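Open the model in your viewer and keep the selection panel at hand. The tour starts at the ligand and then moves along the backbone.

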Amino acid sequence: MVVDEGVRALFNPRSIAVIGASRHPGKIGYMILKNILDYGYKGRVYPVNPKADEILGLKAYKRVSEIPDEVDMAVIVVPEKYVLEVAEDAGRKGVKVLVVITSGFAEVGNVEAEEKLVEIARKYGMRVLGPNIFGIAYTPINLNATFGPRDLLKGPIAFISQSGALGIALMGWTIMEEIGVSAIVSMGNMSDIDVVDAAEYLADDPNTKVITIYLEGLKPGTGRRFVEKMRSITRRKPVIVIKAGRSRRGAMAAASHTGSLAGSDQLYSAAFKQSGVLRAYTTDDMFDWARVFATQPLPGGEETIIITNGGGVGVLATDTAEEHSVKLLDPSPGLKEKFRETMPWFGSPKNPVDLTGQAVEENYAKALEVAFESDEIHNIVILYCRTAILDPRSLADTIVEVVKKYGNSKPVVVGMVGGIDTYEAMRKLNQNGIPAYFGAERAVAALAALIKYYRYISKKHG
Ligand code: COA
């Protein structure tokens with residue numbers, strides 16, 4: 001696929017100008033420049049501000065056209081009334097992509113200025129991200145051109161957001177939740193570069209395994225393009241979309257937020273279905289699923305086993321499995337025999353495999369080994385309820401060890417219930433690339449998304 005120069009420059013700029021880089025620490029133009037420098041971007045950076053000689057130790061230029069170097073990306077952080085003028089200057093300079101942070105365009109009815117901005121960009125062959133955005137981050141090259149938190153945990157999940165505040169908030173949240181990101185792209189008004197352009201680039205990005213999108217609405221007339229392009233993207237990578245503005249009032253809120261048409265929810269549902277996009281209904285779901293795609297292999301089949309120390313969570317997991325069309329294996333007599341050897345005599349070798357409340361690390365390790373070695377099993381769900389005899393952190397170490405021994409050959413998800421030490425155990429698992437969730441239901445639902453994608457991919461390629 002031929003990649004547009006402007007889109008490439010958005011994710012891999014060799015040099016960046018910050019137009020409206022401010023001398024004052026409280027301002028957005030200061031924060032963006034600081035984030036670019038502090039997060040470790042290795043390319044050349046040029047602050048542009050007619051009133052300053054130097055900002056954050058860098059020589060400042062009065063205008064972009066004065067910079068004695070090529071400029072790939074220009075981040076624009078000047079008030080709306082100056083945007084067109086600086087965009088024109090950037091165009092003359094040969095900038096490839098404009099990242100327009102400034103608000104006050106189509107989202108407030110100022111459609112004319114937005115159209116002018118795009119017109120200027122077209123005239124000079126530039127692409128535009130925004131306006132009305134918090135910026136872009138691409139962690140493989142230590143690029144954080146946003147006014148969100150400076151630090152980002154690196155990983156394979158890309159997040160494209162039509163909401164600014166939510167995007168910024170989730171940047172901090174990803175660190176807390178041990179979710180590593182490759183890219184965070186704020187879409188704003190989507191005057192030019194839209195979710196499809198960004199997803200298309202990321203579909204071929206070796207640093208991204210799964211693409212997540214917070215969508216409020218597509219631009220009128222772009223529905224067919226969305227379906228066609230996404231159909232090809234989802235064959236290469238899983239795409240999870242959360243679509244806001246489902247309700248009538250929600251749709252009205254979306255219209256005044258980014259100026260987009262929320263449209264009928266049925267239409268979006270149909271478009272997502274046709275394009276193979278996985279639709280999440282909550283942000284929790286979106287990132288729960290993304291975590292599985294980021295770390296687990298695609299399964300070799302549908303048969304799933306649940307291994308638990310608690311009957312109750314086993315039943316909850318079974319219900320969720322049925323609701324999400326996760327096929328629970330009926331183990332053969334031979335396999336049941338093998339599971340029986342991993343548990344006390346009063347346990348159950350059926351599915352869920354109940355190791356009982358008496359289970360310790362060894363029981364889990366043995367049952368997990370049986371599951372990895374059996375050809376009957378394709379997917380493994382491990383459940384744990386806090387008991388006095390098994391410390392969850394120690395169980396986490398055991399699970400990591402066994403999964404490593406089998407080289408991540410089958411998808412594994414973990415659901416745990418308990419207190420703070422259980423939370424610590426889940427962190428440990430997540431840090432080691434094993435998706436762990438609070439509760440059986442979330443673990444099974446996340447696995448269900450992986451299996452759904454597996455089904456989709458098998459159908460397309462099979
Ligand atoms: N070229 C370069 N720099 C210029 C300039 C020009 N033509 N004209 C002014 N500047 C400088 C200013 O001197 C100032 O620097 P200083 O603080 O060192 O003096 C800097 O650019 C910023 O200008 P200022 O007038 O102070 O604007 P601001 O910082 O108050 O607001 C925006 C600018 C873009 C942040 C504001 O207009 C805006 O749109 N805010 C909303 C952003 C947002 O929320 N986006 C969506 C997020 S999801």
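Before you start: the model is predicted, so local features need pLDDT of at least 70 and side-chain atom pairs count only at pLDDT 80 or more, while totals for chains, interfaces and linings use all residues. Residues are numbered from 1 along each chain as its sequence is written, and side-chain values use heavy atoms, with hydrogens and water left out.

**Stop 1: the ligand**

You get 24 residues, and Ser22, Arg23, His24, Lys27 and Ser103 come nearest.

Colour this shell by class. It holds 13 nonpolar, eight polar and three charged residues. Here Ala, Val, Leu, Ile, Met, Phe, Trp, Tyr, Cys and Pro count as nonpolar, Asp, Glu, Lys and Arg as charged, and the others, Gly among them, as polar.

Now show distances between N or O atoms within 3.5 Å, the cut-off for a polar contact. Ser22 has a side-chain N or O atom 2.6 Å from a ligand oxygen. Lys27 also places a polar side-chain atom 2.6 Å from an oxygen of the ligand. At Ile133, look at the backbone: an N or O atom there is 3.5 Å from a ligand nitrogen. On its own the ligand has 960 Å² of accessible area, and the protein covers 77% of that (Shrake-Rupley method, 1.4 Å probe).

Which pocket does the ligand take? The ligand's space is the largest pocket. A pocket is an open set of points on a 1 Å grid over the protein atoms alone, with protein on both sides within 12 Å along at least five of seven lines. A molecule sits in one if more than half of its atoms lie within 2 Å of its grid points.

**Stop 2: cis peptide bonds**

Select Gly130 and Pro131. Their peptide bond is cis, with omega about 0 degrees. Pro131 is in the loop between strand E7 (127–129) and strand E8 (135–138). Helices (at least four residues) and strands (at least two) are DSSP runs, numbered from the N terminus.

Go on to Asn351 and Pro352. A cis bond joins them too, with omega about 5 degrees. Pro352 lies in the loop between helix H12 (333–340) and strand E16 (353–354).

**Stop 3: positive phi**

Return to the loop between E7 and E8 and pick Asn132. Its phi is near 70 degrees, a positive value in a non-glycine residue.

Finish at Glu178, in the loop between helix H5 (164–176) and strand E11 (181–186). Phi of Glu178 is near 60 degrees, again positive without being glycine. Is Glu178 buried or exposed? Glu178 counts as buried because its relative accessibility is 15%, and buried means under 20%.

Definitions and conventions: A residue is near a molecule or strand if one of its heavy atoms lies within 4 Å of it. A polar contact is a pair of N or O atoms within 3.5 Å; within protein, one must be able to donate a hydrogen and the other to accept it, and residues adjacent in sequence count only if both atoms are side-chain atoms. On a 1 Å grid over the protein atoms alone, a cavity is a set of points where a 1.4 Å probe fits but cannot get out, and a pocket is an open set with protein on both sides within 12 Å along at least five of seven lines; lining residues have an atom within 4 Å of a point. Buried means under 20% relative accessible area, exposed over 50%, partly exposed in between (1.4 Å probe, protein chains only).
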